[in-house]
Amino acid sequence: MTDETLVSLGKVVKPHGIRGEIRFAPFNPTSTTVKAGSIVILRQNGAEQPRRVIAVRPHKHLQLLTLEDCTSMTAAETLVGAEVCVPASALPAPDPGEVYHRQILGLAMVTLDGTAVGTVVEIMPLPSADVCVVRADSREHLVPLVADIVKEIDVQGGRIVIDPPPGLLDI
């Protein structure tokens, strides 16, 4: 593929029907990045393969994708577990005051008084709120990305400022 950074939008969870349609679980169900005519990169077992999206339609909390050269259940089964990715340049610019998860990874997290909490190493999308996994030395903290806790996300400055409620950072 290219040297450009790929961004994972979700995963293929299973085939749908017998004509090669796949069930895609997007991290952001409201995203319109994957659409008919777009090119996605399927990343699986260290390999990347570009595929043109023929059709997209909603199905419960998933999306059903029809991909070029995927015309049977057998072909769709080989894609289960694949990440559906796009180049970072294909993403729309975030709205003011919003950031992409990929921009948060690697940022330092500090409290209002400047106490270091650790580095954001993962983001877990959960139904109630996305949660940052923050590591420092042998400690790990789970910090919800909610306005009551997160006071500032400074991507350029490389930090997230939080006002943790009592007990959040206790070991």
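A search of the whole structure, a predicted model, finds 4 salt bridges, each defined as a side-chain nitrogen of Lys or Arg within 4 Å of a carboxyl oxygen of Asp or Glu. Because the model is predicted, local features need pLDDT of at least 70 and side-chain atom pairs count only at pLDDT 80 or more, whereas totals for chains, interfaces and linings use all residues. Residues are numbered from 1 along each chain as its sequence is written, and side-chain values use heavy atoms, with hydrogens and water left out.

Among these salt bridges is the one between Arg57 and Glu21, whose closest N and O atoms are 2.9 Å apart. Arg57 belongs to strand 4 (residues 47-59) and Glu21 to strand 2 (residues 21-26), so the contact ties together parts separated by 36 residues in sequence. Strands are here DSSP runs (E, at least two residues), numbered from the N terminus. Accessibility is classed by relative accessible area: buried means under 20%, exposed over 50%, and partly exposed in between, with a 1.4 Å probe and protein chains only. On this scale Glu21 is buried, at 13%, while Arg57 is partly exposed, at 41%.

A further salt bridge joins Arg43 and Glu83, with the closest N and O atoms 3.2 Å apart. This pair also links distant parts of the chain, since Arg43 lies in strand 3 (residues 39-44) and Glu83 in strand 6 (residues 83-87), 40 residues apart. Arg43 is partly exposed, with a relative accessible area of 23%; Glu83 is likewise partly exposed, with 21%.

Arg159 forms a salt bridge with Glu152, for which the closest N and O atoms are 3.7 Å apart. Arg159 has a relative accessible area of 34% and counts as partly exposed. Glu152 is partly exposed, also with a value of 34%.

Turning to the strand arrangement, 6 strands form an open sheet of mixed pairing, in the order 10-9-8-7-12-11; two strands pair if DSSP finds at least two bridges between them. Strand 10 (139-144) and strand 11 (150-154) are the edge strands, each pairing on one side only. Neighbouring strands of the sheet are turned by 30° against each other on average, direction ignored, the axes being lines fitted to C-alpha atoms and angles running from 0 to 180 degrees between N-to-C directions. Within the sheet, strand 8 (residues 116-124) and strand 9 (residues 131-136) pair in the antiparallel sense over 5 bridges. Met124 has Val131 of strand 9 as its bridge partner.

How values were computed: Helix = DSSP H or I, 4+ residues; strand = E, 2+ residues; numbered from the N terminus.
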